[in-house]
Amino acid sequence: MKTYFELFFSFLKIGMFTFGGGYAMLPLLQKEVVGKGWATDDELLDYYAIGQVTPGIIAINVSTFIGYKHKGILGAVCTMFGMILPSILIISSLVYGLVYIWENSYIQHAFAGMRLMITALLLSMAVKMVQKSVFDLWTLFILIISFVMVFFGNVSIFFIVIFSCVTGIILIQIKRHFR
Amino acid sequence: MIYGILFWEFFKIGLFAVGGGLATIPFLFRLAERFNWFDVTQLTNMIALSETTPGPLGVNMATYAGIQAGGITGGVIATLGLVAPSFLIIIFISKILQKIKKNSLISGAFYGLKPAVAAMIFSFLCVLLEMIVYQAPSNKDFFFQLGLFICYVIMSFRLKIHPISLIFIGAVIGIILEL
């Protein structure tokens, strides 16, 4: 029972400090999940990769994975509800006339400061994820091409997913062939 | 039955929006055209507000649309509709993940996909940086923000404290410096 509460509260915390989406929650998620031994860095990267290619919001996909891995379906329910509860509360307060709380200048300054810190935290996570995913020149090549396509080319994520999967499959076959 | 319609409409969005919260936006614009729950202007304002309040963007948007259509219950139902497909698909994948990872096609796809996901994290990071530097509601100039960001990067690499503590420090500094 205690573990279910722990899962719920961990993801409640993560949901409260996620600005934007699934990638922004990565630093906090890594600390909570890897720190508590619920998943390894490698598994997290797998979950993001799968979360990216499957339907739905990445944040929810990754939360469900971790909850399910640790405590089955009920665990997944706990992590998912933890993740969506802050949104429901905050957005309800916005719609029901409490906009002034969020438009208050102190809150805005605090949020701006938090976003800057989250971006800095994300940089250290991004470096870690590169270390985990780039093993050779080929993976470095995929990383650079994908980055150029997403950031400079505005190519759709869908295309990049297809490109990287197909390239990966071909490269693995070639490597096997020449071994 | 408004709740049934809400659940079904958001279930479809959850099923077809591949790639995260931003992928839900085109679907929401279509909802604005088909139903009188909210109009396009409200939706645009809400997307802007959702980006600056905590919570995954897709979940925030579903909660907002649901509340407009059917009160708090509507918000909860729309959100559950949105996350239901993710939840089911991820649980299914979790069950078969260990088996399929041995398949050479799947492991090849992962080999290519992981660096692409790392690239997407980097690209998201660059978008955040752009937002902070150019669009933040701030009077501070470029070099000030950049200097602060570099300090935060050093802190997040060097200090072994919980990301939430760092995010709080970020918030306090944001208020003091009026970011």
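Student: What gives the most to the lining of the second largest pocket?

Tutor: In this predicted model, H5(A) gives the most to that lining, with 6 residues. A helix here is a DSSP run (H or I) of at least four residues, a strand a run (E) of at least two, and both are numbered from the N terminus. Helix H2 (26–35) and helix H5 (105–133) of chain A, together with helix H6 (142–158) and helix H7 (163–177) of chain B, each supply at least two lining residues.

Student: What makes it a pocket, and what is its volume?

Tutor: On a 1 Å grid over the protein atoms alone, a pocket is an open set of points with protein on both sides within 12 Å along at least five of seven lines, whereas in a cavity a 1.4 Å probe fits but cannot get out; lining residues have an atom within 4 Å of a point. The second largest pocket has a volume of about 420 Å³, a volume being the space filled by probe spheres set on the points, which are joined across faces, edges and corners. Of its 16 lining residues, the closest to the centre include Gln30(A), Ser124(A) and Lys160(B).

Student: How many of the lining residues are called nonpolar?

Tutor: The lining divides into 9 nonpolar, 4 polar and 3 charged residues, where Ala, Val, Leu, Ile, Met, Phe, Trp, Tyr, Cys and Pro count as nonpolar, Asp, Glu, Lys and Arg as charged, and the others, Gly among them, as polar.

Student: Why is the meeting of Asp46(A) and Lys101(B) called a salt bridge?

Tutor: The rule asks for a side-chain nitrogen of Lys or Arg within 4 Å of a carboxyl oxygen of Asp or Glu; the side chains of Asp46(A) and Lys101(B) meet at 2.7 Å, N to O, and therefore the pair qualifies. Across the interface of chain B and chain A the rule finds 2 salt bridges.

Student: How do you know which residues belong to the contact, and what area is buried?

Tutor: Contact means heavy atoms within 4.5 Å, and it takes 89 residues from chain B and 96 residues from chain A. The two chains bury about 8500 Å² between them, 80% of it on carbon and sulfur atoms, buried area being the accessible area (1.4 Å probe) lost on being put together, summed over both parts.

Student: Which conventions lie behind these values?

Tutor: Residues are numbered from 1 along each chain as its sequence is written, while chains are lettered from A and ligands numbered from 1 in the order in which they are written. Local features need pLDDT of at least 70 and side-chain atom pairs count only at pLDDT 80 or more, though totals for chains, interfaces and linings use all residues, and side-chain values use heavy atoms, with hydrogens and water left out.
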